[in-house]
Amino acid sequence: MTARDDAQQHPQEESVPGESAPRGMDRRRFLGYVLAAPTLTVAAQLGEAVLAPAPAAAAVPSVVPSLPGASEIYDLNDMLTHAALPTAHLITLRIEADGTASFALPRAEVGQGITTSSAMLIAEELDLPLEKIRVTLADARPELLFNQLTGGSNTTISTFTPIRVAAAVARGRLLRAAALELGEAVGALTAKAGAIVSSVTGRSLSYGELAAKAASLTDTAVGVTLKKPSEFRVIGTAQRRIDALEAVTGRKKFAMDVRVPGALPTMVCRPPTINGTVRSVGNLDEVRAMPGVTDVVRISTGVAVRARTFGQCIDAVRALRVSWGPGTAEGASDATVLRKLRAAELPLVVPPLPLLTKAVDARFTFHFASNSALETNCAIADVRGDSAEIWASLKSPIVAQEQIALQLGLPIGAVKVHVTEGGGSFGRKLFPDAAREAAEISRAVGKAVKLMWHRTDDFRQGRTHPMSTSRVRATYSLGEVLTYEQRHTSVVTDFGHGLGEIITAEAARLPVADLTFSETMFQLTQQSPYHFGATTQLLSETDNGFNTGSMRNIYSPNVRCAQELVVDELARRMGRDAYAFRRQHLKDERARAVLEKVAEVGEWGRRMPAGTAQGIAVHPEYHAFVAVLAEIDCRPETTGRKIHDAYTGPRVTKVVCAVDVGLAVNPRGLEAQMMGGIIDGIAVTLTSGLHLQNGHFAEGSWDNYFYTRQWNTPPELEIVVMPPTSDTPGGAGELAVAGAMAAVACAYGRATGTMPTTFPVNHAEPLGFEPLPTTPPIPASPVDGLDRAF
């Protein structure tokens, strides 16, 4: 059932507070459902009609206006929300006999805090304390179609109204039941802290006492009016995570914490090059006889070992003598991939005109990067002859279920997929690689398995953010930018995780439906926030021999970084202050407001020693805006921290971030999201990249993949959450990465006097570390906890 504004089709509905038949075009009035069930159960509509964004603010005089890009009219987030509409009525909220509310969220919690924000929405409309709300993760449900995909910073946007509708329906039904029980008018009753209280007699009934009485024998459509923002008591307040205590005390359960009878530790001996194949195994029987080993089998991705402990798995994997066939990137290196990328670049079409215009011309290179989730790939699988059961952190569980069913030759209904919480994702858990592999191993050995990828497996055979280039040309004359062209060229990004299916299904509705698949995705996500005259941003792709995926945005960090560096150069050549130049050319007042805020709080333009500098950047995405001001110290004599012999790393010393997501459901959670995105942005700008050498990545563990360390985390970090600019939330999960990457890159350029063009800036050759061996690519001794028996 889609959300409706006009309920005149149901004039017979009795109006009660929180449960009324809406009339007219009140944006707070909707229809929900009371479902037939023994206890009060209501439907949560997980789809809200998305209107086209409000027109951009009028162009600031003295700039050459640009037409709005496709994503400024309809973006990926809009598409994801629309794709969820047809199955919105299949999600339910239930009031339990103990007075708690239960909600199975059809999204994946991987640390972003959506279980907390979802609980807050329920608490607000249901007038129930936050601690009495139980949010779990829904198992894979094929009937949900596109309504069970976590990505694109979409969860809070697409669930904001529907979850509230369900809670408001429940509240109205509880009021009605209490009125009948107490023999009083509904208007004399108030919902408060999980109880219905009579203002006349003072009597009260708990939600638990009313749960069965408020239930319905038939499905019934019910009109409700949602609270006004001025009535909010939970939404918009800073709340700690509902799972915080479990997380810090080690009681929070991830996939590897799930106990399944008979599921023993399992690991895989993997090829030395990307997607290599097994030719032969010389000592299977010898390894099968090793202490604790129960099974050794060849699978499509290598040789799997099942044993009593993970330590025994490691010993067995190291002992295997495997002859490997070539992989899909055999002989490839950074240099060979870069040549392919440059050969595939689309041409720039606007040349500078001698004596009339000048141009900033630049080309940027962005190397492969790892998603770097703290939790490596892991999954539990128990495959029987006619059924399969899977436990894993999955952001696209329906696709996982479909793929596993196809792989096993089972009907979809015979494959049960449980979604567990995940220890980070950053795009990685969109792909069910571990779940599929665990299912294959379990079928081969005929037993349950608890599969864990080693850290080195993740770096070398896992998903990576594609290597890419960005070619930019901006022409200007008489102090005005006349044209802006950006040609982004990338190794193919794999969208075979469900998002591609959504695009295919929704293609007919898209304003860019005539474009190729990847270009459609690019146009749905990329936009220039500036009035730079005739603006074009295009994508081309090449080389699909790699295991790729999205990483905290798809293209945005690299595209925005390149653009903001060119903006700095334009300002420099025109003799303008970088902040003032941006402010003048911004299209949107919300973007201008966050830029002004970071300039004010971060004291833009203050005097700084040589070798240090500020950088500033703006990023719009998914109906939200962020601005970041970063300060960097590039002086070797003061940073003094050597990452390796070839490079002394600069240090980001201060970051100020201002964020406008419309309405922040949980400002504390939003601050945490921004902090995480900033640290990611610092990493991919300065230190985090993969070196491709002869068909494999040299990095194999955290000691040589230089994600932002404690010494490089800015000691001054301030997040400013802007006052609400809308009654609804925008996307936040990926927002800060692009803004932070661009601001740090601009600061680096200003501090060194040279625009950086290769990222990360420390992507040194030759390597400054000794790579782990490629066969077998795991340490000789068990790491902490791996020798524990299950």
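How many aromatic pairs does a search of the whole structure find? I ran that search on this predicted model, and the count came to 9 aromatic pairs.

**Entry: Phe366 and Phe759.** I looked up this pair and found ring centres 5.3 Å apart and planes at 10°, so the pair is stacked. Phe366 belongs to strand β15 (residues 358–366) and Phe759 to strand β33, so the pair ties together parts that are 393 residues apart in sequence. I noted both Phe366 and Phe759 as buried.

**Entry: Phe368 and Phe546.** Here the centres are 4.9 Å apart and the planes lie at 45°, so I logged the pair as tilted. Phe368 is in the loop between β15 and β16 (369–370), while Phe546 is in the loop between β24 (534–542) and α15 (556–573), so parts 178 residues apart in sequence are tied together. Phe368 and Phe546 are both buried.

**Entry: other rings.** I found one aromatic cluster formed by Tyr484, Tyr530, Phe532 and Phe581. At Trp453 I checked for charges: the charged end of Arg270 sits over the ring, 4.0 Å from its centre, and that of Arg428 also sits over the ring, 5.6 Å from its centre.

**Entry: Asp295.** I located Asp295 in strand β12 (residues 293–299). Its relative accessible area is 13%, so Asp295 counts as buried. The side chains of Asp295 and Lys447 are joined by a polar contact of 3.0 Å. Beyond its neighbours within four places in sequence, I listed contacts of Asp295 with Ala304, Val305, Arg306, Val445 and Lys447.

**Entry: Asn762.** I placed Asn762 in the segment after β33 (758–759). Asn762 is buried, at a relative accessible area of 5%. From Asn762 to Ser688 I read 8.3 Å in space, C-alpha to C-alpha, and 74 residues in sequence.

Key. Residues are numbered from 1 along each chain as its sequence is written. This is a predicted model: local features need pLDDT of at least 70, side-chain atom pairs count only at pLDDT 80 or more; totals for chains, interfaces and linings use all residues. Side-chain values use heavy atoms; hydrogens and water are left out. Helices (H or I, at least four residues) and strands (E, at least two) are DSSP runs, numbered from the N terminus. Buried means under 20% relative accessible area, exposed over 50%, partly exposed in between (1.4 Å probe, protein chains only). A polar contact is a pair of N or O atoms within 3.5 Å; within protein, one must be able to donate a hydrogen and the other to accept it, and residues adjacent in sequence count only if both atoms are side-chain atoms. Contact means heavy atoms within 4.5 Å. Rings of Phe, Tyr and Trp (its six-membered ring) pair if their centres lie within 6.5 Å; planes under 30 degrees apart count as stacked, over 60 as edge-to-face and the rest as tilted. A charge sits over a ring if NZ of Lys or CZ of Arg is within 6 Å of the ring centre and within 35 degrees of the ring normal.
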